[in-house]
Amino acid sequence: MLQKIGFQPGINKQVSETTAEGQWVDCDNVRFRYGTPEKIGGWSQLGNVNENELTGAGRGLHHFLNSLSQRYAIIGTNRILYAFQGGAFYDIHPIKSTTTLTSAFSTTNGSPIVTITFSSSHGISENDIILLDNFTAITNSNYSASDFDNKKFMVTSVPTSSTITITMPSNETGSGATTSGGIRVQHYYPVGTPVQEKGYGWGLNSWGGQASSAGTTTLNGALGDNAFGTGGSGTSIVLADATRFPDTGTNFIKVGTEEISYTGVTGGTTLTGITRAVRGTTRAAHSDGATVTNTSDFTAWNQQTAEGLALDPGMWSLDNFGDKAICLIHDGACFEWDSSAANATVTRATVISGAPTASRHMIVSTPDRHLVFYGTETTIGDTSTQDDMFVRFSDQEDINTYVPTATNTAGTQRLADGSRIMGAIKGKDAIYLWTDNALFTQRFVGQPFTFAFAQVGTNCGLAGQNACVEVDNTAYWMSKNGFFRYAGRLESLPCLVEDHVYDDINLTSGNQMISAGLNNLFGEVTWFYPSGTSDVVNKMVTYNYFDSSPQRPVWTVGTLARTMWRDSAVFGLPHALSYDAGTDTSFDVVGNTEGRTAYYEHETGTDENRNGTITAITSNIISGDFDITQARSAQGTQTGIATFKGDGEFIMKIRRFVPDFISQTGSTQITLELRNFPNDSQTSSLLGPFTVTSSTQKVDTRARGRAIALKIANTSSNQSWKLGTFRLDTQPDGRR
């Protein structure tokens, strides 16, 4: 006899598959809409073919429409700042320094490595980006102007404070040059590493507002496995550039896995008063040119943490002040770029005059239009005064004025609950502001206070800078201990996949890479996160606020990996960034070693389209186990009411099923997963999996088992589906 089978919307992974009868227990690339599951939409890569693989990991994305009705996407990777407009990407990254060199190049026959020599200390670190032009010929080399002019290179190594190396696409075929030829070198502002790095020390949190910069440089000379400094003597270490390192008090650097303390800086390159192997680390030898990281901000709770410390990856905070894109390098300087200027796409972002020079986060408040910095300097221009809990905002309508006076609305505020500000987003009538422990609101109230700050939640801190969104006057975010919502009062979101996420998420080395995205077309908030030991984003979890109720929250899980996501407000469809850490062939940088980022438009078609190559988006959803319960006749009972017995006692036989899809493109694969006991592995019915199309009326199955689960999937391109209500022909069967 045919009977309908129905399942509650959403995924439940908090119970066993046998317990989850009438529910769904797992899925990938599936959403719920009006209570029923369907495959998600496809995505297509944006940009001109062969000019759209961006350098590095995408860590910032902002959309805006300017006064000329031009739609812009500002994209920040850990190496380059791009503007996307009219289907093309433009490099608008700010230039830190420009140097014109003579007698610059040294090459070796048969090697692709080119050494560039400066006349003084260059301040460039390994993996920084440089732009070369104004080439003059190299003696005894096959390289020419076309190999260097208007080309960007990733620095391969920094042998000394006055030399760098780059890697060419081909080997030198000449006899080799020795310091000849000229070039102009434009050094891009460094942003940071592509992934969050692990460190070692005394706690993850800052103490007393110490700066949280993770500046890097390289050794200028080797360190031995001994108690001494450069060259195996004394108590000094020579660096390529020490200008980003604190120069007062006791501070710390990390070389390899060894931490070293120092007490002073001389000549802009030399750390003095060093002590090797501090904060529980082990002394080791380090070669000339090894990377040196400033870990001075990670001080002191007077006990060493088991997980060590984490150094933030290169990230951006992006917003717009009218036509101007405002772009902050995490723990660095802030820049502006005018999208309405003449020939805007061939101009570069420039430092905002008068603004703080080291901040964790930034936002433009609306409608009052103040530029607000979070985790910023108490003394503007002095990076050593960066305070992770300090807020500073500009004068109204003036992004260059930050010193409070009686006649302006500039001001400051220090928050009290937490050890560092994590992030902020704009809401309908307030800015939502998180520390690592608490939630605050920041409301514009006018003079004399400008903003009113109120703490509205505790033990609900933000997991990462981008782990929050706001929609319909409600903020949603991910904490290190759960999901939350704020719509006038703090609420913990009930989550039926919580253990699945939090037992697997990499919070030690990946919390800052967690990002949230809003898909307002389907009422979804999605968090993208790194799982297990992964140091890149590889999983997602989605909350559907349209279909959810307090009694039945609707969550899904999956493997869609996106580092940043923006909704459809400006471009009509959602856009997102996808980072490929294993492929380095970006279109615009020679010698890239830090992966590449693709920019996608979502909810288009049924498949992935990357540069014209179509790849199937496979999806699946599987139910919990259901079994057969036999009715017992009412005749002869004391109550005269039929009762039921044998929940899971009897073997069930399914002779056939009648598929039902609300919509279907191509074919869909149906599997009946069978087992006799909860601890048994599931096995497909003998005749399955079954392929059904829109013309399939029924399917004969011969399936037999004590418990059966239904799996819906697609495996090829040009396929999509939205599930209706299946009917199964079930009957009890013998135990043998």
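This section describes the nonpolar cores, the cavities and the cysteines of a predicted model.

The largest nonpolar core contains 64 residues, and the members that touch the most others are W477, F483, W527 and F726. Among the elements of the structure, strand β41, which spans residues 474–479, gives the most to this core, with four residues. When neighbours within four places in sequence are left aside, F726 is in contact with Q3, K4 and I5, with the run F657, V658, P659, D660 and F661, and with I670, L710 and I712. In general terms, nonpolar side chains tend to be buried together in soluble globular proteins.

Another core, of 24 residues, lies apart from the largest one; F153, V155, I164 and V185 are among its members. V185 belongs to strand β18, which covers residues 182–188. This residue, V185, has a relative accessible area of 1% and therefore counts as buried, since the cut-off for burial is under 20%. Beyond its neighbours within four places in sequence, V185 is in contact with S97, T98, T99, L101, F118, I130, L131 and L132. The separation between V185 and F661 was also computed: these residues are 476 residues apart along the chain, and their C-alpha atoms are separated by 61 Å. F661 is itself one of the residues in contact with F726, a member of the largest core.

The largest cavity holds about 190 Å³ of space. Its lining consists of 18 residues, of which R31, I40, E524, T526 and M540 lie nearest the centre of the cavity. Two or more lining residues come from each of the strands β3 (30–33), β44 (515–519), β45 (524–529), β46 (539–544) and β47 (555–558). The largest share, three residues, is provided by β45. Sorted by class, the lining comprises seven nonpolar, eight polar and three charged residues.

A disulfide is a covalent bond between the sulfur atoms of two cysteines. A search of the whole structure found zero disulfides. For C460, the nearest cysteine sulfur is that of C468, 12 Å away. Because a disulfide requires sulfur atoms within 2.5 Å, this separation leaves C460 in no disulfide. C468 is likewise in no disulfide, with the sulfur of C460 as its nearest cysteine sulfur. C460 is buried, with a relative accessible area of 0%, and C468 counts as buried at 7% relative accessibility.

Note on methods. Residues are numbered from 1 along each chain as its sequence is written. This is a predicted model: local features need pLDDT of at least 70, side-chain atom pairs count only at pLDDT 80 or more; totals for chains, interfaces and linings use all residues. Side-chain values use heavy atoms; hydrogens and water are left out. Buried means under 20% relative accessible area, exposed over 50%, partly exposed in between (1.4 Å probe, protein chains only). On a 1 Å grid over the protein atoms alone, a cavity is a set of points where a 1.4 Å probe fits but cannot get out, and a pocket is an open set with protein on both sides within 12 Å along at least five of seven lines; lining residues have an atom within 4 Å of a point. Grid points are joined across faces, edges and corners, and a volume is the space filled by probe spheres set on the points. Ala, Val, Leu, Ile, Met, Phe, Trp, Tyr, Cys and Pro count as nonpolar, Asp, Glu, Lys and Arg as charged, and the others, Gly among them, as polar. Contact means heavy atoms within 4.5 Å. A nonpolar core is a set of buried Ala, Val, Leu, Ile, Met, Phe, Trp, Tyr and Cys residues joined through side-chain atoms within 4.5 Å.
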